[in-house]
2 protein chains.
Amino acid sequence: MGMSVKIKDVAKRAGVSTTTVSRVLNGEKYVREELKDRVNQAIEDLGYAPSHIARSLVRNKTNLLGVIVPDLTSSFYSTILSSIEQTAASNHYNLLVCNISEDIDKEFKYLNIFKEMRVEGIIIMHEKINEDIRNFIEKLKIPVIFSSVKPMDQSFVSVIVDDYAAAYDATTYLIGLGHKQIAFIGGDMRDMTSGQNRYSGYRNALADHGIKFVHELVRFGDYKVNSGYALMGEFLRYKHKPTAVFAVSDDMAIGAVNCIIDHGLKVPDDISVIGFDGSQMTELVRPRITSMEQPIQRMGEVTVETLLQFIAGEKRTAEDIILGHRLAVRDSCRPL
Amino acid sequence: MGMSVKIKDVAKRAGVSTTTVSRVLNGEKYVREELKDRVNQAIEDLGYAPSHIARSLVRNKTNLLGVIVPDLTSSFYSTILSSIEQTAASNHYNLLVCNISEDIDKEFKYLNIFKEMRVEGIIIMHEKINEDIRNFIEKLKIPVIFSSVKPMDQSFVSVIVDDYAAAYDATTYLIGLGHKQIAFIGGDMRDMTSGQNRYSGYRNALADHGIKFVHELVRFGDYKVNSGYALMGEFLRYKHKPTAVFAVSDDMAIGAVNCIIDHGLKVPDDISVIGFDGSQMTELVRPRITSMEQPIQRMGEVTVETLLQFIAGEKRTAEDIILGHRLAVRDSCRPL
């Protein structure tokens, strides 16, 4: 396997002592330039692997975490990734980042690479885990944590908000403002947290406040701006337009607001819109968008901290870590 | 160094042939479950490093690229990173991602990690390269490419647009619409491309069209939304407000637009605004923002393709790769 190159081979080839090789490898000062050059040349000639890789082999420590993101261009995911990166870095861990764009084949390929690169832990930020991937992950014997999402399978730990309660609270907020015709732009119903749970929260809030559920006021999108825009367009064609819209992602809320504006109507004068996530975009558009916020920064921190505990050998439980949600009132909702 | 564990040691400990170990390592089917377990146990006991790392040591191929990003939460950088990731993945390369947030110490730390992890190439997306970092990079003997930025130092290759010409064209567009009071929200003047070159383009376009340069109409920000907002606020306090504003990043343009709207004025009715970059944000806000676009997707592709050529041994020249810029006319500028 060619793995037999040792420090003494390097020393021999360079014509120096093994101590000198060590000193060069450790980057110590006061090693003569000429000796350094000889050692480095020998290392190159022999393909010797110093420091990190060698240490990894011995200690089984690579200080690498693998991260699977569904969409790097989304403000939500790039913000949580930024927080994950910062927390990892301050714990001396580095990230291998994979952007799968919902491509299952790519996910398999990357999980294999994570295995080969000996990542110490894996963070996954999408919840469409099929049977094959679940089995594969379980065989890896590498700690895995889900961040912001929860797969159907209960055997993994997720760092999430209580999506049901958050959606319930968002809907109740609109009801409290006097709205009864509340449209819902949901997520993918194959997703437990962002799809099913947020939908249930919406339905039960209506029911608990004696508001009739209207099937025509419910549509499901893909969390992205364009789908919020398109689905809002359908609502605007109704004779009895909704007076408020709850979109389960800020991106879809922005799409809905743009659609309303582009039809010559005003937010919140004509229609109120509330989003979900707490993406920084909500502050950048006009009107600024009221949103049920997840603590994105904190979510990234807790994800890494918990994963590092697993890596350190702490026993994994199947209990999720639930962070608090928070309503951020901005300018896109008004009382009726 | 503990590096002497070989495949035959694993075979001996597991009580199987080296062929069986190989078959297990290569994930072949039809290996008895019990043999697999014994081999895996032996691998674990001995700390043997199969496949990727071992092959890396031999072939000096890690298929890793290191990427240094200044700000993962910026729409511009997350989009170019997404493109880099896709192009790398389709060439069987994986990314180690470092978000430095302009922290030079962090950059040094990461460059060291890149070295230890034996990345085959490095992509850097900020241009504040000081003498120490330049020397460090040169000693690494790892191919380096700059993407979307150009450091002062001419010895590195950059994939960029012609920032001078792009800024010249953006300014000329406003002049063509009849504007003469054109404010400029520039970047960091320590940055050659996004700072100095875009400023020169603005100044020379004014000069070539016989428009007097007004010092009060020039401010410099940090490319982010908040600085565009704050600097626009200064222009709005003038008795003779500008009729148009050129901001050298879309984020600053969005900040400027928001500031104008928040002061009860309209874009483009009262003031026209043009941005720079081609970030997807320009489509998501209302009014949609006219922008001098860089080909962000293509920039990511060309960056990786060029770096892989360097890795493959192609001789590096000091010539930059200049991609075309393009004016995307949207709704934020009007003729006077």
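How many of the six residues of strand S2 (residues 94-99) of chain B are buried? The views below begin with that strand.

This is a predicted model: local features need pLDDT of at least 70, side-chain atom pairs count only at pLDDT 80 or more, and totals for chains, interfaces and linings use all residues. Residues are numbered from 1 along each chain as its sequence is written, chains are lettered from A and ligands numbered from 1 in the order in which they are written, and side-chain values use heavy atoms, with hydrogens and water left out.

**View 1. Strand S2 of chain B is largely enclosed by the rest of the structure.** Six of its six residues are buried. Buried means under 20% relative accessible area, exposed over 50%, and partly exposed in between (1.4 Å probe, protein chains only). Strands (E, at least two residues) and helices (H or I, at least four) are DSSP runs, numbered from the N terminus. Both faces of S2(B) are covered. Asn94(B), Leu96(B) and Cys98(B) are buried on one side. Leu95(B), Val97(B) and Asn99(B) are buried on the other.

**View 2. S2(B) pairs with strands of both chains.** Two strands pair if DSSP finds at least two bridges between them. Strand S2 (residues 94-99) of chain A runs antiparallel to S2(B), joined by three bridges. Here Val97(A) stands opposite Leu95(B). Strand S1 (residues 64-69) of chain B pairs with S2(B) in the parallel sense, over six bridges. In this pairing, Val67(B) stands opposite Val97(B).

**View 3. A cis peptide bond joins Arg286(A) and Pro287(A).** Omega is about -5 degrees. Pro287(A) sits in the loop between helix H12 (281-284) and strand S10 (290-293) of chain A. In chain B, a cis bond links Arg286(B) and Pro287(B), with omega about -5 degrees. Pro287(B) lies in the loop between helix H12 (281-284) and strand S10 (290-293) of chain B. Most residues other than glycine have a negative phi, and most peptide bonds are trans.

**View 4. Arg118(A) has a positive phi, though it is not a glycine.** The angle is about 55 degrees. Arg118(A) belongs to the loop between helix H6 (104-116) and strand S3 (121-124) of chain A. Its relative accessibility is 16%, so Arg118(A) counts as buried.

**View 5. Ser148(B) also has a positive phi without being a glycine.** Its phi is about 75 degrees. Ser148(B) is in the loop between strand S4 (144-147) and strand S5 (157-161) of chain B. This residue is buried, with a relative accessible area of 5%.
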